[in-house]
Amino acid sequence: MAVNFYGKHKMAGVNECFSVGSVVMCTNCFDEEIEGEVLGFEPTTKMLILKCPSTSNNPLLNNINIVNLAFAKDVQVKKESSFNPPPLPSLNLNRLNNRIKTQIQDKKRQISAMSANVSPEAQKLYLTITKTIPEVSWQGQNIVVYDHVIISPPYKPENVKGIGNPEDKAILYIKNIVDKHVKDSAVQQVTPTATHRSKPAAATAAAPQSQ
């Protein structure tokens with residue numbers, strides 16, 4: 001069976017189907033021949049996916065070519081496949097819905113962090129806390145956690161205050177989060193600076209050798 005297509009003209013045999021596992025040879029608009037096993041075909045966009053031998057001659061590898069049949073000069077089915085592909089696995093809708101909810105919550109937290117008129121450092125701390133504690137909100141410039149723990153500027157561990165017992169486990173836990181966030185931020189700021197400063201030193205040391 002041969003189906004011919006020329007240039008950019010309307011494709012003949014629009015409803016043509018290619019069975020998975022069939023061997024097809026296509027001639028593109030550059031007169032290049034591409035032969036391979038059909039992995040899939042999308043009739044709406046006329047995209048044919050072929051598994052071809054690897055150009056590296058490695059028998060364990062394959063090239064995957066996506067051919068736009070709208071621009072193919074010739075298509076020949078060299079071997080029809082009688083293989084019936086297995087049914088697609090069922091989707092885990094609960095997992096998909098949970099993933100959607102999680103992504104929506106993440107976006108809401110990001111919007112909440114950006115909506116407050118605070119410094120970027122405060123926004124980053126807010127997002128860091130919301131990764132483990134969902135009950136976080138803004139109260140002016142202050143970050144409020146669990147409705148009774150307040151983090152005020154400049155958002156250091158000593159700025160974490162609570163209503164009631166200062167030894168409250170929630171207060172201590174949030175102080176640890178803030179302390180770790182501050183230390184991690186300091187490391188991220190120091191590392192690029194140290195790398196940048198080391199380059200001139202290396203250049204200076206190399207200069208005498210060039211003489």
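Biologist: Is F18 buried or exposed, and what is its relative accessible area?

Modeller: Buried means under 20% relative accessible area, exposed over 50%, and partly exposed in between (1.4 Å probe, protein chains only). F18 has a relative accessible area of 10%, so it is buried. The model is predicted: local features need pLDDT of at least 70, side-chain atom pairs count only at pLDDT 80 or more, and totals for chains, interfaces and linings use all residues. Residues are numbered from 1 along each chain as its sequence is written, and side-chain values use heavy atoms, with hydrogens and water left out.

Biologist: How many aromatic pairs does the structure hold?

Modeller: Rings of Phe, Tyr and Trp (its six-membered ring) pair if their centres lie within 6.5 Å; planes under 30 degrees apart count as stacked, over 60 as edge-to-face and the rest as tilted. The structure holds 2 such pairs. One of them joins F18 and F41 edge-to-face, at 4.8 Å centre to centre and 80 degrees between the planes.

Biologist: Why is the pair of Y126 and W138 stacked?

Modeller: The ring centres of Y126 and W138 are 4.9 Å apart and their planes lie at 5 degrees, so the pair is stacked.

Biologist: Which sense do β2 and β3 pair in, and over how many bridges?

Modeller: Strands (E, at least two residues) are DSSP runs numbered from the N terminus, and two strands pair if DSSP finds at least two bridges between them. β2 and β3 are antiparallel, with 5 bridges; M25 has E35 in β3 as its bridge partner. β2 also runs antiparallel to β6 (residues 72-79), joined by 6 bridges.

Key:
Helix = DSSP H or I, 4+ residues; strand = E, 2+ residues; numbered from the N terminus.
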